[in-house]
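Reader: I have a structure to go through with you. Can we keep it quick?

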Amino acid sequence: MNVIYILKNSKVSLELNFLIPFLFIRNMKRVCIICGKELKNKEDVICETCKIKSVVRKSKKESIIVCKCLRYKKGNTWMDPPLRYYSSYPEYLRSILNRHFPSHNIMEISEKEAILKNEDEIKVIEFLGGTCDVCSRIHGGYYEGKIQLRGTKSFIEEAENKIIQMIERIKHPLAFISKINYLKEGTDIYIGTKTLINKIKKAFTHHETKVSKELYGVKDGKKVYRVTLLIREKGDTHGKKRKTK
Ligand SMILES: [Zn+2]
Ligand SMILES: [Zn+2]
């Protein structure tokens with residue numbers, strides 16, 4: 001009513017200019033008293049997210065541990081990342097949530113926490129940092145298999161490159177090289193899992209190969225073996241050929 005009155009009365013147009021910003025603030029900007037976000041429903045005092053948060057604060061948090069290598073632990077198991085390439089870290093975390101909670105909506109997500117909601121419940125997921133089983137093995141110099149390369153220098157170099165490329169291509173969490181030793185008699189490559197030994201052996205059928213097992217411990221009541229694969233260049237008799245090169 002006031003506005004109409006002022007508009008009709010051109011003498012007070014200065015006053016109207018002065019009033020406009022206040023009219024807008026009154027009618028358009030209703031913000032949440034907790035986070036300051038604009039409110040959709042003008043009758044509300046706090047926003048939907050803050051309302052959920054106040055309910056959720058009392059509920060138990062579920063946590064997901066994420067390693068630097070992107071493997072993550074949910075419950076008791078470490079899992080491979082659902083995405084290898086992503087534009088932001090929250091986007092990566094979102095892909096984990098979509099994998100495990102497909103029926104929930106992600107209300108809010110940050111690097112530390114996410115709030116999920118579906119018709120029945122509200123869930124808070126907390127993201128923690130940690131070192132996964134694979135990374136701790138890599139750092140601990142863990143190995144299950146050893147490959148001994150013997151023969152001429154050129155054979156050893158070629159074989160070493162071939163094995164490194166093979167291991168890089170294999171999608172197995174333990175397909176890593178824990179160390180390479182360059183010795184007088186040849187090169188020893190230590191790898192994370194012995195399951196690759198047979199595959200590597202098959203790639204060198206033209207040469208002399210020998211597999212041997214060595215007991216190295218007991219895990220969960222089972223004997224654990226380390227496997228050594230010896231690959232000797234065909235025609236190489238105890239390094240005689242190497243001397244000529
Ligand atoms: Zn809010
Ligand atoms: Zn890791």
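**Confidence and fold**

Author: In the protein chain, confidence is lowest in helix 1 (residues 2-8), with a mean of 44, and highest in strand 7, at 96. The score is pLDDT, the predictor's confidence in each residue, from 0 to 100. Helices (H or I, at least four residues) and strands (E, at least two) are DSSP runs, numbered from the N terminus.

Reader: What is the ground rule for this model and its numbering?

Author: This is a predicted model: local features need pLDDT of at least 70, side-chain atom pairs count only at pLDDT 80 or more, and totals for chains, interfaces and linings use all residues. Residues are numbered from 1 along each chain as its sequence is written, and chains are lettered from A and ligands numbered from 1 in the order in which they are written.

Reader: What is the mean pLDDT of the protein chain?

Author: The mean is 83, and 83% of the residues reach 70 or more. Over residues 1-14 the pLDDT is below 50, and that stretch has four contacts in the model beyond near neighbours in sequence. Residues 240-245 are also below 50, with eight such contacts. Two residues are in contact if their C-beta atoms, placed from the backbone, lie within 7 Å. Where pLDDT is low, the predicted coordinates should not be read in detail.

Reader: How many bridges join strand 10 and strand 11?

Author: Eleven, in the antiparallel sense. Glu208 stands opposite Arg232, and Thr209 opposite Ile231.

Reader: How many residues of strand 10 are buried?

Author: Zero of twelve, so strand 10 lies largely in the open. A residue is buried if 20 or more other C-beta atoms lie within 10 Å of its own, exposed if 12 or fewer, and partly exposed in between; C-beta atoms are placed from the backbone.

Reader: Switch to helix 6. Which residues are buried there?

Author: Phe155, Ala159, Ile163 and Ile167. They cover an arc of only 90° around the axis, which puts them on the same side of helix 6. That arc is of the directions from the helix axis to the C-beta atoms.

Reader: And which are exposed on the other side?

Author: Lys153, Ser154, Glu157, Asn161, Gln165, Glu168 and Arg169.

Reader: What covers the buried residues of helix 6?

Author: The cover includes strand 7 (145-150), strand 8 (177-183), strand 9 (186-191), helix 7 (197-202) and strand 11 (222-232).

Reader: Now Lys194. Buried or exposed?

Author: Buried, with 20 other C-beta atoms within 10 Å. Lys194 is in the loop between strand 9 and helix 7. Not counting residues up to four places away in sequence, Lys194 touches Glu144, Gly145, Arg226 and Val227. The C-alpha atoms of Lys194 and Glu144 are separated by 5.1 Å, although the two are 50 residues apart along the chain.

Reader: Last one. Where is Leu70?

Author: In the loop between strand 1 (61-66) and strand 2 (72-74). Leu70 has a positive phi of about 85°, although it is not a glycine. Most residues other than glycine have a negative phi. Leu70 counts as partly exposed because it has 16 C-beta neighbours inside 10 Å.

Notes. Two strands pair if DSSP finds at least two bridges between them.
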